[in-house]
Amino acid sequence: MPAKTLSGAPPTEWVEYMAQCAAAARDPRLQRFFAAWELLPTQPLADTPLVALDIETTGLDPRRHSIVSIGVVPFTLDRIQFSQRRHWLLKPRFQLQEKSVTLHRITHSVLHGAPDLTVVLEEVLASMAGRLPVVHYRNIERAFLESAVQFRLGEGLRFPVIDTMELEARVYRQSRTARLRRWLGGKPVSIRLHESRSRYGLPVYQPHHAVIDALATAELLQAQVAARFGPQTPIGELWG
(Lines give C-alpha, C1' and ligand atoms only; values in the text may rest on other atoms or scores of the structure.)
Protein backbone atom coordinates (compact mmCIF):
# COMPACT_ATOMS: atom_id res chain seq x y z
CA MET A 1 0.00 0.00 0.00
CA PRO A 2 1.47 3.37 -0.91
CA ALA A 3 2.31 5.31 2.21
CA LYS A 4 2.75 8.68 0.60
CA THR A 5 0.78 11.55 2.08
CA LEU A 6 -1.04 13.39 -0.68
CA SER A 7 -2.37 16.52 0.99
CA GLY A 8 -1.31 19.41 -1.19
CA ALA A 9 0.00 17.13 -3.96
CA PRO A 10 -0.78 17.79 -7.64
CA PRO A 11 -4.31 16.50 -8.37
CA THR A 12 -3.11 13.99 -10.98
CA GLU A 13 -1.26 12.09 -8.26
CA TRP A 14 -4.56 11.05 -6.69
CA VAL A 15 -5.46 9.11 -9.84
CA GLU A 16 -2.19 7.23 -9.73
CA TYR A 17 -2.53 6.68 -5.99
CA MET A 18 -6.02 5.18 -6.22
CA ALA A 19 -4.91 2.84 -9.01
CA GLN A 20 -1.92 1.73 -6.95
CA CYS A 21 -4.17 1.09 -3.96
CA ALA A 22 -6.57 -1.00 -6.06
CA ALA A 23 -3.68 -3.18 -7.15
CA ALA A 24 -2.06 -3.41 -3.72
CA ALA A 25 -5.09 -3.83 -1.40
CA ARG A 26 -5.45 -7.25 0.18
CA ASP A 27 -8.95 -6.89 1.62
CA PRO A 28 -11.59 -7.40 -1.13
CA ARG A 29 -13.73 -4.57 0.28
CA LEU A 30 -10.85 -2.13 -0.15
CA GLN A 31 -10.02 -3.58 -3.55
CA ARG A 32 -13.56 -2.90 -4.78
CA PHE A 33 -13.59 0.61 -3.31
CA PHE A 34 -10.32 1.67 -4.92
CA ALA A 35 -11.07 -0.10 -8.23
CA ALA A 36 -14.37 1.81 -8.56
CA TRP A 37 -12.48 5.11 -8.76
CA GLU A 38 -12.74 6.42 -12.34
CA LEU A 39 -12.70 10.17 -11.72
CA LEU A 40 -10.12 12.38 -13.41
CA PRO A 41 -8.99 15.84 -12.24
CA THR A 42 -10.20 17.39 -15.50
CA GLN A 43 -13.76 16.16 -15.02
CA PRO A 44 -16.31 19.00 -14.55
CA LEU A 45 -18.13 19.17 -11.24
CA ALA A 46 -21.44 19.03 -13.09
CA ASP A 47 -20.66 15.54 -14.38
CA THR A 48 -19.31 14.20 -11.10
CA PRO A 49 -21.19 11.92 -8.71
CA LEU A 50 -20.61 13.26 -5.20
CA VAL A 51 -21.28 11.92 -1.71
CA ALA A 52 -21.36 14.05 1.43
CA LEU A 53 -19.71 12.27 4.35
CA ASP A 54 -19.84 13.09 8.04
CA ILE A 55 -18.78 11.15 11.11
CA GLU A 56 -19.38 11.72 14.80
CA THR A 57 -16.60 10.72 17.16
CA THR A 58 -15.74 10.49 20.84
CA GLY A 59 -13.06 13.19 20.45
CA LEU A 60 -10.68 14.79 18.01
CA ASP A 61 -7.69 12.43 18.09
CA PRO A 62 -8.05 9.28 15.95
CA ARG A 63 -5.33 7.61 18.04
CA ARG A 64 -7.35 7.92 21.27
CA HIS A 65 -10.96 8.42 20.15
CA SER A 66 -13.48 6.44 18.11
CA ILE A 67 -16.13 6.81 15.45
CA VAL A 68 -19.67 6.43 16.85
CA SER A 69 -21.69 7.24 13.75
CA ILE A 70 -21.28 7.70 10.01
CA GLY A 71 -23.66 9.49 7.69
CA VAL A 72 -23.54 9.68 3.89
CA VAL A 73 -25.78 11.53 1.44
CA PRO A 74 -25.26 11.07 -2.32
CA PHE A 75 -25.74 14.17 -4.46
CA THR A 76 -24.81 16.12 -7.57
CA LEU A 77 -24.65 19.83 -8.18
CA ASP A 78 -28.30 19.72 -9.23
CA ARG A 79 -29.88 17.27 -6.81
CA ILE A 80 -29.44 15.91 -3.32
CA GLN A 81 -30.57 12.28 -3.16
CA PHE A 82 -31.61 12.39 0.49
CA SER A 83 -33.85 9.32 0.14
CA GLN A 84 -30.65 7.34 -0.52
CA ARG A 85 -28.92 8.55 2.67
CA ARG A 86 -27.28 6.01 4.94
CA HIS A 87 -26.57 6.21 8.65
CA TRP A 88 -24.68 3.80 10.86
CA LEU A 89 -24.26 3.80 14.64
CA LEU A 90 -21.04 2.06 15.65
CA LYS A 91 -19.65 0.41 18.72
CA PRO A 92 -16.70 2.61 19.76
CA ARG A 93 -13.25 1.15 20.18
CA PHE A 94 -12.55 3.56 23.05
CA GLN A 95 -14.85 4.76 25.82
CA LEU A 96 -17.38 7.51 25.23
CA GLN A 97 -16.32 10.95 26.43
CA GLU A 98 -18.75 13.11 28.37
CA LYS A 99 -17.97 16.18 26.26
CA SER A 100 -18.67 14.39 22.98
CA VAL A 101 -21.90 12.85 24.34
CA THR A 102 -23.06 16.38 25.14
CA LEU A 103 -22.47 17.37 21.52
CA HIS A 104 -23.91 14.49 19.53
CA ARG A 105 -26.14 12.92 22.25
CA ILE A 106 -25.02 9.42 21.33
CA THR A 107 -24.99 7.60 24.66
CA HIS A 108 -24.20 4.05 25.80
CA SER A 109 -27.89 3.16 25.58
CA VAL A 110 -28.13 4.51 22.03
CA LEU A 111 -25.15 2.38 21.05
CA HIS A 112 -26.41 -0.77 22.77
CA GLY A 113 -26.10 -3.53 20.21
CA ALA A 114 -24.36 -1.31 17.65
CA PRO A 115 -21.90 -3.21 15.42
CA ASP A 116 -18.19 -2.71 15.06
CA LEU A 117 -17.10 -0.84 11.94
CA THR A 118 -15.80 -4.11 10.49
CA VAL A 119 -19.36 -5.44 10.24
CA VAL A 120 -20.67 -2.52 8.17
CA LEU A 121 -17.46 -1.53 6.39
CA GLU A 122 -18.56 -3.07 3.10
CA GLU A 123 -21.81 -1.07 3.16
CA VAL A 124 -19.96 2.15 4.05
CA LEU A 125 -17.43 1.71 1.27
CA ALA A 126 -20.11 0.71 -1.25
CA SER A 127 -22.04 3.92 -0.50
CA MET A 128 -18.94 5.95 -1.36
CA ALA A 129 -17.47 3.91 -4.21
CA GLY A 130 -17.24 5.72 -7.54
CA ARG A 131 -18.21 9.03 -5.97
CA LEU A 132 -16.07 11.97 -4.85
CA PRO A 133 -16.52 12.41 -1.08
CA VAL A 134 -17.31 15.90 0.21
CA VAL A 135 -16.59 16.70 3.87
CA HIS A 136 -16.34 19.74 6.12
CA TYR A 137 -12.85 19.44 7.62
CA ARG A 138 -11.10 16.45 6.13
CA ASN A 139 -8.79 16.07 9.13
CA ILE A 140 -11.71 14.47 10.98
CA GLU A 141 -13.54 12.33 8.42
CA ARG A 142 -10.55 11.06 6.48
CA ALA A 143 -8.18 10.74 9.40
CA PHE A 144 -10.62 8.79 11.58
CA LEU A 145 -11.68 6.42 8.80
CA GLU A 146 -8.08 5.83 7.81
CA SER A 147 -7.06 5.11 11.40
CA ALA A 148 -10.07 2.85 12.08
CA VAL A 149 -9.53 0.77 8.95
CA GLN A 150 -5.79 0.55 9.52
CA PHE A 151 -6.40 -0.81 13.04
CA ARG A 152 -8.92 -3.42 11.90
CA LEU A 153 -7.48 -4.54 8.56
CA GLY A 154 -3.83 -3.54 8.76
CA GLU A 155 -4.34 -1.59 5.53
CA GLY A 156 -4.84 2.10 4.85
CA LEU A 157 -7.92 3.85 3.49
CA ARG A 158 -7.10 7.23 2.00
CA PHE A 159 -8.92 9.00 -0.81
CA PRO A 160 -9.32 12.47 -2.30
CA VAL A 161 -12.06 14.70 -0.93
CA ILE A 162 -13.52 18.12 -1.50
CA ASP A 163 -13.30 19.93 1.82
CA THR A 164 -15.90 22.70 2.11
CA MET A 165 -14.04 24.16 5.10
CA GLU A 166 -10.88 24.41 3.02
CA LEU A 167 -12.84 26.19 0.28
CA GLU A 168 -14.00 28.73 2.86
CA ALA A 169 -10.44 29.04 4.16
CA ARG A 170 -9.22 30.00 0.69
CA VAL A 171 -11.33 33.16 0.96
CA TYR A 172 -11.52 33.89 4.68
CA ARG A 173 -8.13 32.70 5.95
CA GLN A 174 -5.67 32.55 3.03
CA SER A 175 -6.63 35.44 0.77
CA ARG A 176 -4.79 38.75 0.73
CA THR A 177 -7.83 40.46 2.24
CA ALA A 178 -7.99 37.92 5.06
CA ARG A 179 -4.29 38.30 5.81
CA LEU A 180 -4.63 42.09 5.84
CA ARG A 181 -7.59 41.79 8.21
CA ARG A 182 -5.51 39.70 10.63
CA TRP A 183 -2.56 42.09 10.29
CA LEU A 184 -4.86 44.93 11.34
CA GLY A 185 -5.95 42.94 14.36
CA GLY A 186 -9.32 41.81 13.06
CA LYS A 187 -10.97 38.71 14.45
CA PRO A 188 -10.71 35.70 12.11
CA VAL A 189 -13.91 34.87 10.23
CA SER A 190 -15.37 31.56 11.37
CA ILE A 191 -15.24 28.79 8.76
CA ARG A 192 -17.16 26.27 10.86
CA LEU A 193 -20.07 24.55 9.13
CA HIS A 194 -22.88 26.58 10.71
CA GLU A 195 -21.24 29.97 10.18
CA SER A 196 -20.16 29.07 6.64
CA ARG A 197 -23.72 28.09 5.72
CA SER A 198 -25.10 31.31 7.17
CA ARG A 199 -22.98 33.35 4.74
CA TYR A 200 -24.86 31.72 1.84
CA GLY A 201 -28.29 32.11 3.42
CA LEU A 202 -28.71 28.39 4.04
CA PRO A 203 -31.13 27.25 6.78
CA VAL A 204 -30.08 26.37 10.31
CA TYR A 205 -30.00 22.64 11.11
CA GLN A 206 -29.47 20.82 14.39
CA PRO A 207 -25.70 20.09 14.39
CA HIS A 208 -23.77 16.94 15.30
CA HIS A 209 -26.00 14.36 13.65
CA ALA A 210 -23.97 12.59 10.97
CA VAL A 211 -26.70 12.50 8.31
CA ILE A 212 -27.87 16.07 8.93
CA ASP A 213 -24.31 17.38 8.89
CA ALA A 214 -23.68 15.47 5.66
CA LEU A 215 -26.79 17.08 4.16
CA ALA A 216 -25.60 20.47 5.40
CA THR A 217 -22.20 19.89 3.79
CA ALA A 218 -23.76 18.92 0.45
CA GLU A 219 -25.87 22.08 0.43
CA LEU A 220 -22.85 24.18 1.37
CA LEU A 221 -20.82 22.86 -1.56
CA GLN A 222 -23.69 23.56 -3.95
CA ALA A 223 -23.83 27.14 -2.62
CA GLN A 224 -20.05 27.60 -2.82
CA VAL A 225 -19.98 26.39 -6.42
CA ALA A 226 -22.87 28.67 -7.39
CA ALA A 227 -21.19 31.68 -5.74
CA ARG A 228 -17.52 31.22 -6.52
CA PHE A 229 -16.89 28.46 -9.01
CA GLY A 230 -19.19 26.96 -11.64
CA PRO A 231 -20.50 23.64 -12.94
CA GLN A 232 -17.62 23.33 -15.39
CA THR A 233 -14.95 23.74 -12.69
CA PRO A 234 -12.55 20.77 -12.92
CA ILE A 235 -12.75 18.67 -9.77
CA GLY A 236 -8.96 18.64 -9.60
CA GLU A 237 -9.10 22.34 -8.66
CA LEU A 238 -11.09 21.54 -5.53
CA TRP A 239 -10.05 18.12 -4.26
CA GLY A 240 -7.18 17.53 -1.89
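Q: Which residue in strand 5 is the bridge partner of Val-135?
A: Asp-163 is the partner of Val-135. Strands here are DSSP runs (E, at least two residues), helices are too (H or I, at least four), and both are numbered from the N terminus.

Q: What kind of model is this, and how are residues numbered?
A: It is a predicted model, with local features needing pLDDT of at least 70 and side-chain atom pairs pLDDT 80 or more, while totals for chains, interfaces and linings use all residues. Residues count from 1 along each chain as its sequence is written, and side-chain values use heavy atoms, without hydrogens or water.

Q: How do strands 4 and 5 pair?
A: Strand 4 (residues 132–135) runs parallel to strand 5, over two bridges. Pairing takes at least two DSSP bridges.

Q: What order do the strands take in the sheet?
A: The order is 3-2-1-4-5. The five strands make an open sheet with mixed pairing.

Q: Why is one side of strand 3 and of strand 5 left without a neighbour?
A: Strand 3 (86–89) and strand 5 (162–163) are at the edges with a single partner strand each, so one side of each has no neighbour in the sheet.

Q: Which strands does helix 5 touch?
A: Helix 5 (residues 138–153) packs on the sheet and touches strand 1 (50–57), strand 2 (67–75), strand 4 and strand 5. Touching means heavy atoms within 4.5 Å.

Q: And helix 9?
A: Helix 9 (residues 210–228) also packs on the sheet, touching strands 1, 2, 3, 4 and 5.

Q: Switching topic. How many salt bridges are there?
A: The whole structure has 11. A salt bridge puts a side-chain nitrogen of Lys or Arg within 4 Å of a carboxyl oxygen of Asp or Glu.

Q: What does Arg-32 pair with?
A: Arg-32 bridges to Glu-122, with their closest N and O atoms 2.7 Å apart.

Q: Where do those two sit in the chain?
A: Arg-32 is in helix 2 (residues 28–35) and Glu-122 is in helix 4 (residues 117–128). They are 90 residues apart, so the pair links distant parts of the chain.

Q: What about the lining of the largest cavity: which helix gives the most?
A: Helix 5 does, with four residues. A cavity is a set of points on a 1 Å grid over the protein atoms alone where a 1.4 Å probe fits but cannot get out, and lining residues have an atom within 4 Å of a point.

Q: Which residues are closest to its centre?
A: Of 14 lining residues, His-65, Ser-66, Ile-67, Ala-148 and Arg-152 are closest to the centre of the largest cavity.

Terms used:
Axes fitted to C-alpha atoms, helices over the stretch in contact; angles between N-to-C directions. 1 Å grid on protein atoms, 1.4 Å probe; cavity = no way out; pocket = protein on both sides within 12 Å on 5 of 7 lines; lining within 4 Å.
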